[in-house]
Amino acid sequence: MGERGKRIGEQLSPDGAVLLTVECQQGVVGRDSALPELAAVARASGALHNVARLVAAAHEAGVQVLHAVAERRPDGRGASHNARLFRAAARLPVQQHTGSTAVRIAEPIEVAEQDIVVRRLHGLSPIAGTDVDALLRNLGCRTLVVTGVSANVAIPNAVFDAVNLGYTVVVPADAIAGVPADYTPAMIRHTLALVATIATTDDILGCWKAPRRAPGRVSRA
């Protein structure tokens, strides 16, 4: 094992790592997405499949999984309106309404009983202004593995927030996606690599290959 592999292995010890999926919900990356271009890239690139592989491996290895979901009330109360992105999202034909199928975790990702789903009604970040930081500290997290969408907004937001809060961050480059497709590697190379450890899904699976506990019953969130 090289120096890089040893470093990643130490960071990803199951007793101190948490896997975070970001906006991997049906209304974002599913078949009936509000953002069909993003959904198509997430699937065609293999990113969504790799998120599912990482979640399954985390379940087997006893690594805690958090799913960050973005949603809004049907009446819009509490939603953000202070950026063009929010105003455009409010006009989309598919809405991420609380309790709707759009905010359920998308296939092929499986949600187990021990997973935690954190839902937010405002903002761009899956961490800032949510319960995620407190949950991570209570779980003894030292390293946060960030996956999902999009490489344009929510993923860099999550990485920066986690680093600023003192966590080590690992980003599996093949388990995040953005639009256009060639933007993601540029974001990784020129931005995320400066603050996070960049790995592959297989790198992480290799660290989590030894089962630590039996997985819980699988459901759809």
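**Ground rules.** I'm reading a predicted model, where local features need pLDDT of at least 70 and side-chain atom pairs count only at pLDDT 80 or more, while totals for chains, interfaces and linings use all residues. Residues are numbered from 1 along each chain as its sequence is written, and side-chain values use heavy atoms, with hydrogens and water left out.

**Helix α4.** I started with α4, residues 47–61. Helices here are DSSP runs of H or I with at least four residues, strands are runs of E with at least two, and both are numbered from the N terminus.

How many of the 15 residues of α4 are buried? I found eleven, so to speak a mostly covered helix. Buried means under 20% relative accessible area, exposed over 50%, and partly exposed in between (1.4 Å probe, protein chains only). Among the buried ones I noted L48, V51, L54, V55 and H59. Just after α4, I saw G62 take a positive phi of about 80 degrees.

**Cores.** Next I looked up the nonpolar cores, meaning sets of buried Ala, Val, Leu, Ile, Met, Phe, Trp, Tyr and Cys residues joined through side-chain atoms within 4.5 Å. The largest has 36 residues, and L19, I109, I204 and W208 have the most contacts inside it. Elements that each supply at least two residues of this core include β1 (17–22), α3 (36–44), β2 (64–70) and α9 (201–207). α4 gives the largest share, nine residues. Apart from this core lies another, of 26 residues, with L144, I155, V169 and A196 among them.

**Pockets.** A pocket is an open set of points with protein on both sides within 12 Å along at least five of seven lines, a cavity is a set where a 1.4 Å probe fits but cannot get out, and lining residues have an atom within 4 Å of a point. Points are joined across faces, edges and corners, and a volume is the space filled by probe spheres set on them.

The largest pocket holds about 780 Å³. Its lining has 32 residues, and E23, L35, A70, L85 and A89 are the closest to its centre. The largest share of that lining, four residues, comes from α5. The second largest pocket has about 160 Å³, and I listed R31, D32, R43 and E107 among its lining residues.

**Cavity.** I counted one cavity of 30 Å³ or more; the largest cavity has about 40 Å³ of space. Which element supplies the largest share of the lining of the largest cavity? It is α4 again, with three residues. C24, A47, L48, V51 and G148 are among the residues that line this cavity.

**Q64.** Last, I looked at Q64, which sits in strand β2. Is Q64 buried or exposed? Q64 is buried, because its relative accessible area is 13%. Its side chain reaches the backbone oxygen of Q114 at 2.7 Å.

Methods: Expected span 1.5 Å × (residues − 1). Polar contact = N/O pair within 3.5 Å; in protein donor to acceptor, adjacent residues only side chain to side chain.
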